[in-house]
Amino acid sequence: MASADKLINTDVPEKDVFALHFLQSLSNLKTQNPLNSPAKSIDRVRKIKKAAYVSMARAAGGTSRLWSRALLRRAAKDDNKSVRFSRRKRKVTWKISSKRRKSNNQRAPVVEEAAERLRNLVPGGGGMETSKLMEETAHYIKCLSMQVKVMQCLVDGLSQK
Amino acid sequence: MSNRKSRSRQTGVPMITEEQINDLVLQLHRLLPELGNNRRSGKVSASRVLQETCSYIRNLSKEVDDLSERLSQLLESTDSAQAALIRSLLMQ
């Protein structure tokens, strides 16, 4: 296996980083929407969910990861804001049109089929090549599970009151 | 590493071999929760790993949804929510 340089870098920050970002998002939500305003519960849930994803993307490195970048972009589009991208040292065209991608990928069709499903799940996956998709998926999975842990802790702590 | 650079400029298409893909998939597999999938004797089929990854992601998203709902209810009912939040996180 001569693939030492292909080792996926799946270092994610500590749980505290995720917790901090999430708490900040939540407190922002509270200041924007005072509790006595008659907001529908579905809206609140949706806002919390969105805050969870956005804070996760920020905690995971902001715009330095393809999936987090796509996530933040999607969220900013909803709010009609614009996202600032940090300057990268090398120019990466991180959006490959699907036609070109299809010609690049001459893999086993079985693998490609499953990869296609994965692409729909990972944010920003549509423009990624299969190998890049693997990396991003690995990182995404780790961050997602971390976020779930944080939220679970919160819920547990709050319900114990 | 030079592979990455040329790919990013999209000049040529360096062939990333099947073997490398399989290796990446293996690494992915190691991240998945070991639900009865521990170290099969032979190779783990790549598509199988990808399928499980898909369902794992879906599970996690569903958990995020559920937890968001619960959080929304909990936050609604408590006034001193902020102190409670910080407290609960410190007592991990």
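pLDDT is the predictor's confidence in each residue, from 0 to 100. Helices are DSSP runs of H or I with at least four residues, numbered from the N terminus.

This is a predicted model, in which local features need pLDDT of at least 70, side-chain atom pairs count only at pLDDT 80 or more, and totals for chains, interfaces and linings use all residues. Residues are numbered from 1 along each chain as its sequence is written, chains are lettered from A in the order in which they are written, and side-chain values use heavy atoms, without hydrogens and water.

The model scores ipTM 0.76 and pTM 0.75. The table gives confidence by chain.

| Chain | Mean pLDDT | Residues at 70 or more |
|---|---|---|
| Chain A | 75 | 71% |
| Chain B | 69 | 53% |

In chain A, confidence is lowest in helix α4 (residues 98–104), with a mean of 55. It is highest in helix α2 (residues 41–59) of chain A, at 85. Residues 1–5 of chain A have pLDDT below 50.

In chain B, helix α1 (residues 2–9) has the lowest confidence, a mean of 46. Helix α3 (residues 46–77) of chain B has the highest, at 85. Residues 1–12 of chain B stay under 50 in pLDDT. The model gives this stretch 18 contacts (heavy atoms within 4.5 Å) beyond four places in sequence.

Now one residue. Glu136(A) lies in helix α6 (residues 130–159) of chain A. The side chain of Glu136(A) reaches the backbone nitrogen of Trp67(A) at 2.9 Å. Leaving out residues up to four places away in sequence, Glu136(A) touches Arg65(A), Leu66(A), Trp67(A) and Met128(A).

Conventions
Helices (H or I, at least four residues) and strands (E, at least two) are DSSP runs, numbered from the N terminus. A polar contact is a pair of N or O atoms within 3.5 Å; within protein, one must be able to donate a hydrogen and the other to accept it, and residues adjacent in sequence count only if both atoms are side-chain atoms.
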